[in-house]
Amino acid sequence: MSKLFQAFLSGLFFTFILDFFIILGIKENYIDVHNIDVYYNILFVDHQNIFLFLFFTFILGYLVIYANTKIALVSIGILFILAFSTLIPPIGNTFGELLLMKKNVNIKTDKFFYHGDIYYDGRKKVTFYDYKLKQVIILDKNKIVGEY
């Protein structure tokens, strides 16, 4: 097996583990806190950026196979600490808000007009906090006429 292929597989492995814990922290500290009905697998698949994933795959693979051992350990250690930090509730919640929440959004359906925050924009439903109603409502994406 060539070193280049080993570097790719090593980077893929480490990037997948880092990504797993980032999404796990968001699921536990943002999705579950807001009682949003979405499975981990759907959350994981829907919020992947293939370019970012491949970038970290190549960088981490290079570090593991070709770089100095101390530099690789320190770099990967820092990335693991950052990924695991999303398991701390305030950090995971803040990161979930940055990634998933849209603030001050106006949504219009056939009959109603809503103003508030989108907590999660899923495949079929939108979890929305309405300022006027002061509660979380679930909107069907097929019935949304416009977002402003």
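How are α1 and α4 oriented to each other? I looked this up first in the model, which is predicted.

**Entry: α1 and α4.** I found that the axes of α1 (residues 3–31) and α4 (residues 69–84) come within 8 Å and cross at roughly 25°. Angles under 35 degrees count as roughly parallel, and α1 and α4 are therefore roughly parallel to each other. On the α1 side I noted Phe14, Ile17, Leu18, Phe21 and Ile22, which touch Leu79, Phe80, Ala83 and Phe84 of α4. I recorded the classes of this contact as nine nonpolar, no polar and no charged residues.

**Entry: α1 and α5.** I then turned to α5 (residues 89–100), whose axis comes within 8 Å of that of α1 and crosses it at roughly 95°. The two helices, α1 and α5, are therefore roughly perpendicular to each other. From α1, I listed Ile22, Gly25, Ile26, Asn29, Tyr30 and Ile31; their partners in α5 include Pro89, Phe95 and Leu99. The contact of α1 with α5 holds eight nonpolar, five polar and one charged residues.

**Entry: largest pocket.** I read a volume of about 490 Å³ for the largest pocket. Of its 18 lining residues, Asp19, Ile22, Leu52, Phe56 and Phe95 lie nearest the centre. Two or more lining residues come from each of α1, α3 (50–65), α4 and α5, and α1 gives the most, with five. I noted the lining as eleven nonpolar, six polar and one charged residues.

**Entry: second largest pocket.** I read about 300 Å³ here. Among the lining residues I noted Asp37, Arg123, Lys124 and Lys125. The lining of this second largest pocket divides into six nonpolar, two polar and four charged residues.

Definitions and conventions: Residues numbered from 1 in each chain as written. Predicted model: local features only at pLDDT ≥ 70, side-chain atom pairs only at ≥ 80, totals over all residues. Heavy atoms only, no water. Axes fitted to C-alpha atoms, helices over the stretch in contact; angles between N-to-C directions. Helix = DSSP H or I, 4+ residues; strand = E, 2+ residues; numbered from the N terminus. Parallel < 35°, antiparallel > 145°, perpendicular 65-115°, else oblique. Contact = heavy atoms within 4.5 Å. Nonpolar A, V, L, I, M, F, W, Y, C, P; charged D, E, K, R; others polar. 1 Å grid on protein atoms, 1.4 Å probe; cavity = no way out; pocket = protein on both sides within 12 Å on 5 of 7 lines; lining within 4 Å. Points joined across faces, edges and corners; volume = space filled by probe spheres on them.
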